Amino acid sequence: MGQGTRVPRPRPGGEPAAAAGAFLPGTRLDARRLAHAAMALDDRQILTVLRVCLACDETQVTWEDVILPALAAIGGHTPRACGGLAAEHLLCSCTSAALTEVWAGFTRPGGQPPVLVCAAAGEQHTLPLHALAASLADAGIGCSVLGADLPGAAIQAAAARLRPAAVFVWSQTPATGDPAALAGLAASGLAGRVIAGGRGWRSAREATGAEHVGALADAVSAVQAALARP
Ligand code: B12
């Protein structure tokens, strides 16, 4: 997709509106369909549910109303010995793929400074990065997703090359929420606005020079604010 805000795309496979409407995008029914498809290890069905939801609603709606409940159901309550681990991994890989379809098809508008999105050193939880990148595409903002497990020095090196307006760093658990990495990045002056997201930064909220955001919409707003800064 080119520049400008993202518009809902045609339903995959050109399926009849009535059949696609049975998914009721934006409702908990989609979350249940997603969780059931994951438990059945049915990757086609997982992708279909996700693609229809993402085509009909903004990413934030699909993320919060469909994907997060399904992740909580699969990742939180299913005994891993009963196949839950494979279901969780399949759900994650399909979710990454579907969200990537949204952001990878979007070209950064000419004149927009770079925005970097990555996970902290040791961090393998990357779904929020894809959710943010897709939401930024919805808002007409392009970004580079640097992915999982990025040491502070590597983030700084990327920032030195690209001189982004903002760098978003995700930490899911305290094991990867090292305040020194955030502080070093902010102090380098290379990263523009440093935005920290995820539960892992809970113990690192003070004196890092980073802005902490608690929700997807807040992360999008923080990036927008960074881009609006002269
Ligand atoms: C998917 C998943 C994985 C996948 C990740 C795949 C991927 N590509 O991302 C894999 C299998 C790799 C994985 C690995 C591990 N995981 Co894991 N994982 C999960 C799971 C199911 C979902 C995580 C997720 O993406 N949640 C979505 C996030 C965003 O939800 P949230 O944190 O609730 O979000 C809150 C806010 O952050 C905010 N928010 C929501 N969305 C967004 C988006 C943005 C941009 C922002 C700013 C905010 C925001 O709102 C929410 C409410 O406040 C959770 C359990 C669960 N139900 O959450 C466990 C969980 C996070 N994992 C856990 C663990 C222990 C691990 C492993 C250590 C397991 C192991 N023994 O190997 C490893 C660690 C790997 C590593 N080094 O990072 C624990 C963490 C416990 C802790 N507090 O430390 C959890 C909670 C499971 C559990 N109950 O024990 N995991």
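Asp43, Ile46, Leu47, Leu50, Arg51 and Leu54 of α3 meet Leu90, Leu91, Cys94, Thr95, Ala97, Ala98 and Val102 of α5, where two residues are in contact if their C-beta atoms, placed from the backbone, lie within 7 Å. The model is a predicted one, in which local features need pLDDT of at least 70 and side-chain atom pairs count only at pLDDT 80 or more, while totals for chains, interfaces and linings use all residues. Residues are numbered from 1 along each chain as its sequence is written. Helices are DSSP runs (H or I, at least four residues), numbered from the N terminus.

**Packing of α3 with α5**

- The axes of α3 and α5 lie 9 Å apart at an angle of about 35°, the axes being lines fitted to C-alpha atoms over the stretch in contact, with angles running from 0 to 180 degrees between N-to-C directions.
- In passing α5, α3 makes a right-handed crossing, a crossing being right-handed if the near helix is turned clockwise from the far one by less than a right angle, and left-handed if anticlockwise.
- The contact of α3 with α5 comprises ten nonpolar, one polar and two charged residues; Ala, Val, Leu, Ile, Met, Phe, Trp, Tyr, Cys and Pro count as nonpolar, Asp, Glu, Lys and Arg as charged, and the others, Gly among them, as polar.

**Packing of α2 with α3**

- Helix α2 (residues 28-39) packs against helix α3 (residues 43-56) at an angle of about 155°, with 8 Å between their axes, which makes α2 roughly antiparallel to α3 (angles over 145 degrees count as such, and those under 35 as roughly parallel).
- The crossing of α2 past α3 is left-handed, and the contact is made by Asp30, Arg33, Leu34, Ala37 and Ala38 of α2 together with Gln45, Ile46, Val49 and Cys53 of α3.
- By class, this contact of α2 with α3 has six nonpolar, one polar and two charged residues.

**Packing of α5 with α6**

- The axes of α5 and α6 cross at roughly 25° and come within 8 Å, which makes α5 roughly parallel to α6.
- α5 passes α6 in a left-handed crossing, with Cys92, Thr95, Ser96, Leu99, Thr100, Val102 and Trp103 of α5 contacting Leu127, His130, Ala131, Ala133, Ala134 and Ala137 of α6.

**Shell around the ligand**

- Of the 28 residues around the ligand, those that come nearest are Gly75, Gln124, Thr173, Gly197 and Leu216, a residue being near if its C-beta atom, placed from the backbone, lies within 6 Å of the molecule.
- At least two shell residues come from each of α4 (59-77), α5 (84-104), α6 (127-138) and α9 (216-228), and α4 gives the largest share, five residues.
- The shell has twelve nonpolar, 13 polar and three charged residues.

How values were computed:
Angles under 35 degrees count as roughly parallel, over 145 as roughly antiparallel, 65 to 115 as roughly perpendicular and the rest as oblique.
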